[in-house]
Amino acid sequence: EGVGPQEYTIIKLKVLEFPGALAPLSSKAGSVFLAPATLRPETMYGQTNCFALPEGKYGAYEMLNGDVFIISERSAKGFSCQGYTEEFGVTKKLLDLTGMDLMGLPLEAPNAKYERVYTLPLLTISMGKGTGIVTSVPSDAPDDYVSLKMLVDKPEWAEKYGITKEMVEPFEVVPIIEIPGYGTTSAVFMCEKLKIASYNDKDKLAKAKDETYLKGFTSGIMRYGPHSGKKVSEAKPIIKNEMIEAGQACLYFE
Ligand code: A2H
């Protein structure tokens with residue numbers, strides 16, 4: 001990582017239902033989004049779910065254009081300093097939420113193969129980075145792969161968060177990028193190669209993440225979607241801009 005600020009692409013995952021604590025937002029249906037920050041906008045074809053921290057504190061914040069983003073308070077402040085609100089540094093909070101309120105929430109994720117994905121628990125989310133929401137691409141992100149696999153393998157643990165089999169089992173890894181020597185699901189390849197069993201294998205996960213991230217960018221080739229055949233390095237800015245122009249994403253710096 002260099003010195004200047006980090007650019008994240010914020011992906012707008014549309015909230016499809018408003019149960020429990022979310023009920024007050026139902027009047028804004030269609031404009032309410034879980035808003036994860038990603039470094040890999042070209043991987044959104046491979047989304048299988050979204051992650052939130054069950055213990056995390058989130059809020060629903062209204063932006064100038066009418067979009068309501070469910071994000072951490074810290075990132076809401078950041079958005080308000082980047083032209084997303086009427087007044088610099090001033091957020092418009094509609095509702096306080098916890099990660100627990102978001103568990104099992106159905107979402108429509110842009111570019112995803114699956115029509116509807118679910119919000120699942122991830123205990124390693126840092127509330128001090130991005131928006132505190134992470135979109136999950138298990139084909140290309142080792143963290144996402146082991147975390148989703150753990151929910152499939154330990155249904156009794158998943159149940160503590162209200163997560164049912166139907167929210168995890170149908171969501172198979174989608175091969176979207178080929179990396180020579182790593183196949184078309186590089187995160188699965190690396191997790192198997194390094195024998196990563198849980199998201200507590202921090203050192204091995206960091207190694208898997210560094211390697212797939214670098215290789216994906218330098219030698220990955222898109223194998224899914226309208227940019228299939230292009231290099232990842234070439235497709236990335238194109239896909240990012242397409243999503244921004246379609247109103248499916250926006251930029252955030254920190
Ligand atoms: B990336 P950096 Cl396919 N806590 O998106 C933990 N992880 C977070 C986070 C948070 N608060 N906010 C974002 N992230 C994740 C896609 C992806 C990502 C792929 C491959 C690698 C990868 C799908 N998940 O990241 O420390 C998000 O996961 C590898 C580093 O700010 C985001 O991009 O540089 C990345 O970590 C941001 O990490």
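Colleague: Leaving aside its neighbours within four places in sequence, which residues is lysine 236 in contact with?

Modeller: Contact here means heavy atoms within 4.5 Å, and by that rule lysine 236 touches Leu39, Arg40, Pro41, Glu42 and Phe217, once its neighbours within four places in sequence are set aside. Please keep in mind that this is a predicted model, in which local features need pLDDT of at least 70 and side-chain atom pairs count only at pLDDT 80 or more, while totals for chains, interfaces and linings use all residues. Residues are numbered from 1 along each chain as its sequence is written, and side-chain values use heavy atoms, with hydrogens and water left out.

Colleague: Where is the place of lysine 236, and does it count as buried or exposed?

Modeller: Helices (H or I, at least four residues) and strands (E, at least two) are DSSP runs, numbered from the N terminus, and lysine 236 belongs to helix 7, residues 232–245. Buried means under 20% relative accessible area, exposed over 50%, and partly exposed in between, with a 1.4 Å probe and protein chains only; lysine 236 counts as buried because its relative accessibility is 17%.

Colleague: What does the side chain of lysine 236 reach?

Modeller: A polar contact is a pair of N or O atoms within 3.5 Å; within protein, one must be able to donate a hydrogen and the other to accept it, and residues adjacent in sequence count only if both atoms are side-chain atoms. In this case the side chain of lysine 236 reaches the backbone oxygen of leucine 39 at 2.8 Å.

Colleague: Which residues are the closest to the ligand?

Modeller: A residue is near a molecule if one of its heavy atoms lies within 4 Å of it; 18 residues surround the ligand, and the closest are Tyr8, Thr38, Ser126, Lys129 and Asp144. A polar backbone atom of serine 126 is 2.6 Å from a nitrogen atom of the ligand, a polar side-chain atom of lysine 129 lies 2.7 Å from a ligand oxygen atom, and a polar side-chain atom of aspartate 144 lies 2.7 Å from a nitrogen atom of the ligand. Taken alone the ligand exposes 700 Å², of which the protein buries 87%, with accessible areas coming from the Shrake-Rupley method with a 1.4 Å probe.

Colleague: How many disulfides does the count come to?

Modeller: A disulfide is a covalent bond between the sulfur atoms of two cysteines. The rule applied here asks for a pair of cysteine sulfur atoms within 2.5 Å, and the count comes to 0 disulfides. Cysteine 50 is in no disulfide, the nearest cysteine sulfur being that of cysteine 250, 14 Å away. The sulfur of cysteine 191 is 19 Å from the closest cysteine sulfur, in cysteine 50, which is too far for a bond. Cysteine 50 is buried, at 0% relative accessibility, and cysteine 191 is buried as well, at 2%.

Colleague: Which residues other than glycine have a positive phi?

Modeller: Two cases can be described with their surroundings. Asparagine 111, with phi of about 70 degrees, is found in the loop between strand 9 (106–108) and strand 10 (117–121), and is partly exposed at 27% relative accessible area. Lysine 195, with phi near 55 degrees, is found in the loop between helix 5 (186–193) and helix 6 (202–219), and is exposed at 66%.
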